[in-house]
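Open your viewer and keep the selection tool handy. We will go from stop to stop, picking residues and looking at what surrounds them.

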Amino acid sequence: MAQLTCKNLVLGYDNNPLIKDLSFEVNAGDYLAIVGENGSGKTTLMKTVLGLIKPISGEISFGDGLNRNEIGYLPQQTVVQRDFPASVWEVVLSGCLTHLGKRPFYGKEEKALAKQNIEKMRLSGFENRSYRELSGGQQQRVMLTRALCATRKILLLDEPVSGLDPKVTAEMYETIEALNAEGTTIIMISHDISAALKYASHILHIGKEIYFGAKSDYVQSDNFKGLTGGTENV
């Protein structure tokens, strides 16, 4: 069942289109990799799905009982965010904000969820550590744990391995793959075509021409050939 459907989207800023006539849908359990050249509008699309930017035209709808505020989001981190003065527990628990409704404080349910996800993501023992003192890989794992607290269905990840060393990058991809295998829908922006082809079930290529479909068909497309020169070893 489609959790996210985008029809005839035109996206951009100040009515200046960056992406035109974009249509695709994401079903429960899919792993969609969004690829394309820098500046093509990948992050703009993700922010539009999240409701942070309004589309110029077109329609975005949600199904399978999904509400927009139930989407887990892992954005690209800025230098300021990496220096955020909070404990790991506080950062992870903040992912439960959308569960509070009109309540001013976190309850037992939110704290139990945060604890459960900390254990799931192998961060037990880090709760009282300062977020700003963690390594880049540890910070990304904390932010992914925070995103999990916001959702039981779908995660949006914007370049989740950016700036990480190869070992930590491989671990992060394996973690995301495991979450997908457990039933979490993944939508991931990536500049790493080889990783996209390895892990994703579907590809959305944004550029002068738009491709959306199975990754097995993507490698035969002009979009893929134009981006990589036609080789999967990229």
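A nonpolar core here is a set of buried Ala, Val, Leu, Ile, Met, Phe, Trp, Tyr and Cys residues joined through side-chain atoms within 4.5 Å. Buried means under 20% relative accessible area, exposed over 50% and partly exposed in between, with a 1.4 Å probe and protein chains only. The model is predicted, with local features needing pLDDT of at least 70 and side-chain atom pairs counting only at pLDDT 80 or more, while totals for chains, interfaces and linings use all residues. Residues are numbered from 1 along each chain as its sequence is written, and side-chain values use heavy atoms, with hydrogens and water left out.

**Stop 1: the cores**

Select Val142, Leu144, Leu155, Leu157 and Ile203: of the 45 residues in the largest nonpolar core, these touch the most other members. The elements giving two or more residues to this core are β3 (31-35), α3 (88-93), α4 (108-120), α5 (136-149), β6 (154-158), α6, β7 (185-189) and α7. Which of them gives the most? That is α5, with six residues. Helices (H or I, at least four residues) and strands (E, at least two) are DSSP runs, numbered from the N terminus.

Now centre on Ile203. Leaving out residues up to four places away in sequence, Ile203 touches Leu32, Ala33, Val35, Ala196, Tyr211, Phe212, Gly213, Lys215 and Tyr218, where contact means heavy atoms within 4.5 Å. Another core, of 24 residues, lies apart from the largest one; Leu11, Ile19, Leu32 and Ile60 are among its members.

**Stop 2: the rings**

Show the aromatic side chains next. Rings of Phe, Tyr and Trp (its six-membered ring) pair if their centres lie within 6.5 Å; planes under 30 degrees apart count as stacked, over 60 as edge-to-face and the rest as tilted. By this rule there are four aromatic pairs. One of them, Tyr173 with Tyr199, is stacked, at 5.2 Å centre to centre and 25° between the planes. This pair links distant parts of the chain, since Tyr173 sits in helix α6 (residues 166-181) and Tyr199 in helix α7 (residues 193-199), 26 residues apart. Tyr173 is buried at 4% relative accessible area, and Tyr199 counts as buried at 13%.

Move on to Tyr211 and Tyr218. Their ring centres are 5.3 Å apart and their planes at 50°, so this pair is tilted.

**Stop 3: Asn223**

Pick Asn223 in helix α9 (residues 222-228). Is Asn223 buried or exposed? Asn223 has a relative accessible area of 14%, so it is buried. Its side chain reaches the backbone oxygen of Glu209 at 2.8 Å. Beyond four places in sequence, Asn223 touches His205, Glu209, Ile210, Tyr211 and Tyr218.

**Stop 4**

Finish at strand β1 (residues 2-13), where nine of twelve residues are buried. Two strands pair if DSSP finds at least two bridges between them. β1 pairs with strand β2 (residues 16-27) in the antiparallel sense over eight bridges, and Asn27 in β2 is the bridge partner of Ala2. In their hairpin, with two residues between the strands, Asp14 takes a positive phi near 50°. β1 also runs antiparallel to strand β4 (residues 57-62), joined by five bridges; there Leu4 has Phe62 as its bridge partner.

Technical notes
A polar contact is a pair of N or O atoms within 3.5 Å; within protein, one must be able to donate a hydrogen and the other to accept it, and residues adjacent in sequence count only if both atoms are side-chain atoms.
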